[in-house]
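Work through the exercises below on charged side-chain pairs. Each task is followed by a worked solution.

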Amino acid sequence: LLNHVKYELSSDLGSASVWCTLELYNASNEKTSAPVSIKIGDEVIYCEQIALDAYQAMTINTPKVKLENIELWNMDSPKLYTVIASTDTDDLIDKIGFRKIEVKSLDILLNGKPVELLGVNRHEEHPDWGFAFPAKLMKKDIDLIVDMGCNTIRGSHYPNSRIFVDMLDERGILFWSEIPMWGCGFSEQSLAEPIIKERGLNMHKEMVKYYYNHPSIVIWGMHNEIATYHENSYELSREWSAYLRKNGGNRLITHASNHPLKDRDMGFDDIICINIYHGWYRYGGYEGKLSDWDKMIEEFRQRRIENGWEDKPVIMSEFGAAALSGFHSHFDTVRWSEEYQRDLMEYCLELFHKTDYMRGTYLWQFCNIRTSPSMDMNRVRYFNNKGILDEYRNPKAAYFKVKELYTKYANEMKK
């Protein structure tokens, strides 16, 4: 198993020091010796004769090798290098890309250049196929998302198929991968349970182990919409962020918070991510109007200053409104209409784009998804209808408005 291909880029990003972690296992009932080699592109970075006893396992950490004149992986030119680990009887093939993601002075930088994240939340689900999502439909989803002007996807709320992430590597699309911890029963006390911490940490370890080599993954998500105003969450976030920072490679760390005005865990994040649905749901102190956004943005501006988070860029990681496909109204205030969803998206995207401390958006959501009949949230047809496409990927009016605005923002970045 070729776990991790690790690298350190030079200051000019023109070369890389590379080393690998390789797990070997002798499945034979006899002692075996074999040549083990690792090749990146045309460069052999490791070659050694290894002997293993019967059923013995071994982890090899190769020495660092410098690769000169590398081509960087980026959104315009997602250069991938083939990695081959082989013996005289077996081989394992993977692909990697060299790139650098970081935060400086409120900017998110990819290979030293500022990036505005123009994104969408996507569930890996289809009404006909469920979660057994065919590769052909994955490609169709990506084509629609790219056509909409997106440069990033959030895999809400679980690691997505590696086939899908392979496609993102090849297309130069940034990806946010997170573990399936949503709400955690909305219980403050459950966050203190040892089994919650243990299982969550194990899921992070598995995600890092199997997804480490994907250059498209630039964000690790710790959790989504848990009780981040409570001390039990604080300890959990502290432990998990420390693990990801030490073992997760060159990625930004975050969590998605639906308590932005009382969240205690944002200090552990590289980027602050907020899930709020003003204009659709009512929150304490807010009336459920679009104008609530302006009030919240100013209140959170002050909270950033009070907590010393001014250097952290903010992403709106969830926002939106439900619409029933084909339901239209002459009055733009009629909820559930395609017009209301379209106008809410326009209001939000324009507001977030001009807010000085924000650096991106992940709208909720790509397409309608099925939900549980037990969820008492007025979800018509037992679907979450906040998709800007329906469950069969037919566009609603909001799709075209998002495409218009995201295309405009992308063109602004190129100037």
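This is a predicted model: local features need pLDDT of at least 70, side-chain atom pairs count only at pLDDT 80 or more; totals for chains, interfaces and linings use all residues.

**Exercise 1.** State how many salt bridges a search of the whole structure finds.

Solution. The search covers the whole structure and returns 22 salt bridges.

**Exercise 2.** Describe the pair Arg 359 and Asp 107, and decide whether each residue is buried or partly exposed.

Solution. Step 1: the two side chains form a salt bridge, with an N to O distance of 3.0 Å. Step 2: Arg 359 belongs to strand β19 (residues 358–363) and Asp 107 to strand β10 (residues 107–110), so the pair links distant parts of the chain, 252 residues apart. Step 3: buried means under 20% relative accessible area. Arg 359 has 18% and therefore counts as buried. Asp 107 has 25%, so Asp 107 is partly exposed.

**Exercise 3.** Find which strands are tied together by Arg 154 and Glu 318.

Solution. Step 1: the closest N and O atoms of this salt bridge are 3.0 Å apart. Step 2: Arg 154 is in strand β13 (residues 152–155) and Glu 318 in strand β18 (residues 314–318), so parts 164 residues apart in sequence are tied together. Step 3: both Arg 154 and Glu 318 are buried.

Terms used:
Residues are numbered from 1 along each chain as its sequence is written. Side-chain values use heavy atoms; hydrogens and water are left out. A salt bridge is a side-chain nitrogen of Lys or Arg within 4 Å of a carboxyl oxygen of Asp or Glu. Helices (H or I, at least four residues) and strands (E, at least two) are DSSP runs, numbered from the N terminus. Buried means under 20% relative accessible area, exposed over 50%, partly exposed in between (1.4 Å probe, protein chains only).
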